[in-house]
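Biologist: I am new to this structure and would like to learn how to read it. Could we go through it feature by feature?

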Amino acid sequence: MLNRDTELKALLSNYYGYPNFRFNQLKIINSILDGKDTLAIMPTGAGKSVCYQIPALCSEGISIIISPLISLMQDQVANLKTLNIKACFLNSTQTYQERKDSLEEIENGTIKIVYVSPEGILSGQLLNFFLMQDVSLIAIDEAHCVSQWGHEFRNDYTRLGELKEEFPDTPFLALTATADKKTRSDIINQLGLVDTEIFLNSFDRPNIKYTIEERKNDIIQLDKFITANHEHDTGIVYCLSRKKVEKVANELCKLGHKAFPYHAGLSSTKRERIQKKFSREENIIVVATIAFGMGIDRPDVRFVAHLDLPKSIEGYYQETGRAGRDGLEANAWMVYGLQDVIKLSHMLESSDASESYKNVARTKLNAMLSLCETSSCRRKYLLHYFEEKYDVNCNNCDSCLTPSESWDATIDAQKVLSAIYHTGQNFGAGHIIDVLRGSQNSKVLQRGHDQLSVYGIGKDQSNQHWNFIIRHLLHAKFLIIKNWEYRNFGLTPKSLSLLKGEEKLLLKQTKKRKFKNSKAKSSQADLSHERVDLFEKLRKIRKDLAEENNVPPYIIFADKSLHDMCHILPRNKDEFLMVNGVGQSKCDRYANYFLNAINEH
Ligand code: ADP
Ligand code: ZN
């Protein structure tokens with residue numbers, strides 16, 4: 001086994017130029033090589049591709065990768081070509097001849113890895129073709145799309161379960177960046193995986209700094225944030241509606257940023273053009289609805305900004321996860337306000353979705369809100385949401401970096417809980433607040449709740465204030481929702497200790513909270529002045545090479561590799577091979593261009 005590990009490590013170093021496997025990569029690869037069905041859950045940017053590419057390299061026959069997006073397939077294949085790994089894709093963008101050529105290459109064994117869309121693989125013709133090949137592995141990327149429970153369900157994924165019946169002896173690898181317990185078991189069941197080995201990685205993205213501000217004037221706040229931190233960088237700004245996307249992109253351009261709008265209302269040619277621009281140009285901002293997403297593979301996105309509240313933590317985490325895939329510092333920055341909550345709740349309540357769906361959606365929205373309102377470490381909150389243990393403070397989020405004063409909300413919390421107790425745990429927020437605020441509402445009067453000792457004890461505070469307290473009580477599990485249909489609250493043993501004063505409810509002060517500039521965050525971070533010059537030169541070389549080869553710059557080298565060159569200052573090819581991300585193939589192809597520039601410098 002150890003021998004095999006050494007061989008695998010050698011492959012990683014020779015092809016990719018990385019000295020070591022990361023996270024669970026090696027375990028996942030070994031599980032596949034042992035012929036086992038495998039489920040790998042790794043955060044975005046952790047390096048999922050290596051997990052199927054290396055087994056493909058060291059197995060006989062062909063590996064099939066099922067991937068939902070055509071643009072992503074193209075980039076992956078271009079990338080593999082620079083590494084000297086034979087790969088191709090089969091999809092609807094190909095001409096008859098191109099497809100015929102690819103099929104021939106697969107048949108005669110020159111190709112190791114083929115990318116196919118979910119509907120493609122299940123079309124009778126392709127399926128029959130692959131049944132006649134020696135298939136060593138079937139990998140399913142973005143596997144959470146098979147789950148109805150997940151937040152990105154795709155119809156074309158539902159039939160993938162049929163594949164296991166067709167290829168019962170081929171190991172399957174399901175890959176995803178987000179999957180809670182329910183989605184995980186859905187993936188295994190839907191795909192029909194057998195005796196599955198599960199590798200669950202930490203969800204933490206330590207290089208991403210989380211900041212959430214209250215909305216005042218979002219465009220001015222955004223402009224300030226970009227100007228202070230990301231003037232030379234690439235980023236994504238998410239908004240809820242198409243109209244807002246257009247407006248924000250327009251305003252950003254007026255303020256001197258290079259920004260483009262992207263949403264589902266644009267023609268597909270226009271969208272493709274912007275997507276391509278985004279993957280190839282430096283210093284570009286795309287303002288988008290969530291339609292801009294799965295196809296983004298660019299590793300050096302330095303910031304993701306949200307001008308509207310996402311509907312769920314899953315969505316937020318996936319969107320912010322598009323920042324800093326290269327492992328260098330990146331920012332996830334968001335503004336939110338009460339309007340978001342009202343708008344999203346209204347959208348949800350007025351939709352004709354089923355009540356059970358609405359309940360799930362409400363819970364998810366509430367969790368998202370609690371993230372905004374928490375006074376403790378945001379990362380801790382996020383990781384706990386994904387059921388991960390994380391006990392320290394991260395020191396890389398706004399809560400940790402600018403701790404806000406907290407205030408003791410225990411007395412207000414006790415008022416809420418005792419109102420719930422005295423009204424028999426049969427009511428939701430609206431009624432409880434009415435009782436607290438001494439409303440003359442007929443529902444209150446008819447039930448005689450104006451006679452209770454708690455009636456009117458919260459007169460001095462607004463509706464909003466009580467909603468805020470209730471949300472926090474729910475968030476801290478001092479309160480549960482007993483009946484989802486009526487949204488009635490119920491008390492828990494924890495509620496009783498709070499009522500008895502054995503526990504406290506501490507909340508953050510809602511004022512202040514400024515975005516503090518952190519030093520190392522632009523793409524030139526960590527470099528001295530003269531090295532910044534060199535970095536810019538290397539960046540220019542990378543750009544020219546990318547244009548010449550018609551691929552995005554990061555496929556030539558990641559920012560991290562350029563940084564490494566600036567630090568190591570390699571003098572010859574041997575030293576060039578020491579740079580992170582330089583394998584034999586890239587060294588042969590590109591070393592001279594970069595070495596010349598470094599020598600001159
Ligand atoms: P994912 O699909 O998980 O989001 P990718 O497979 O695109 O991530 O990998 C993210 C980045 O990490 C890529 O630039 C990749 O080359 C790099 N990478 C993968 N494995 C390693 C490793 N063992 N060491 C260093 N970098 C790695
Ligand atoms: Zn923190």
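Biologist: Which helices do the buried residues of α23 pack against?

Modeller: Before that, note that this is a predicted model. The buried residues of α23 pack against α24 (553-556), α25 (559-568) and α27 (584-600).

Biologist: Which residues of α23 are buried?

Modeller: The general idea first. An α-helix has 3.6 residues a turn, so residues three or four places apart point the same way. In α23 the buried residues are Val-532, Leu-534, Phe-535, Leu-538, Arg-539, Ile-541, Arg-542, Leu-545 and Ala-546. Two arginines, Arg-539 and Arg-542, are in that list. The helix covers residues 529-549, and its 21 residues reach 30 Å from the first C-alpha to the last, close to the 30 Å expected at 1.5 Å a residue.

Biologist: What follows α23?

Modeller: Asn-550, with a positive phi near 55°. As background, most residues other than glycine have a negative phi.

Biologist: Where is Phe-23, and what is its phi?

Modeller: Phe-23 is found in the loop between α1 (2-16) and α2 (25-33). Its phi is positive, near 45°, and Phe-23 is not a glycine. Glu-387 also has a positive phi without being a glycine, at about 60°. The loop between α16 (378-385) and α17 (398-401) holds Glu-387.

Biologist: Now the metal. Which residues are the protein donors of the zinc ion (ligand 2)?

Modeller: To read a metal site, list the donor atoms, then look at the angles between them. Here the donors are the SG atoms of Cys-377, Cys-394, Cys-397 and Cys-400, which lie 2.3 to 2.4 Å from the zinc ion. Their spacing in sequence is C-x16-C-x2-C-x2-C.

Biologist: Why is the arrangement around the zinc ion (ligand 2) called tetrahedral?

Modeller: Because the 4 donor atoms subtend angles of 102 to 119°. Four donors count as tetrahedral if all angles lie between 85 and 135 degrees.

Biologist: How many bridges pair β2 with β5?

Modeller: Strand β2 (residues 62-66) and strand β5 (residues 135-140) pair over 5 bridges, in the parallel sense. Within this pair, Ser-63 stands opposite Leu-137 of β5.

Biologist: Is Ser-117 buried or exposed?

Modeller: Buried, because its relative accessibility is 9%, and buried means under 20%. Ser-117 sits in the loop between β4 and α6 (118-122). Not counting residues up to four places away in sequence, Ser-117 touches Ile-66, Ser-67, Met-73 and Leu-90.

Biologist: What is the strand order in the open sheet of 6 strands?

Modeller: β8-β13-β12-β9-β11-β10, with parallel pairing. At its edges are β8 (208-214) and β10 (259-262), each pairing on one side only. The twist averages 15° from one strand to the next.

Biologist: How many bridges join β9 to β11, and which helices pack there?

Modeller: 4 bridges join strand β9 (residues 235-238) to strand β11 (residues 285-288), and the two run parallel. The bridge partner of Tyr-238 in β11 is Ala-288. Helix α12 (residues 268-280) packs on the sheet, touching β9, β10 and β11, with its direction at about 140° to that of β10. Helix α11 (residues 242-254) lies across β10 and β11, running at about 175° to β10.

Notes:
Residues numbered from 1 in each chain as written. Chains lettered and ligands numbered in written order. Predicted model: local features only at pLDDT ≥ 70, side-chain atom pairs only at ≥ 80, totals over all residues. Heavy atoms only, no water. Expected span 1.5 Å × (residues − 1). Buried < 20%, exposed > 50% of the residue type's maximum accessible area, 1.4 Å probe, protein only. Contact = heavy atoms within 4.5 Å. Donors = N, O, S within 2.8 Å, 3.2 Å for Na, K, Ca; no water. Tetrahedral: all angles 85-135°; square planar, octahedral: opposite > 155°, others 65-115°. Pairing = 2+ DSSP bridges. Axes fitted to C-alpha atoms, helices over the stretch in contact; angles between N-to-C directions.
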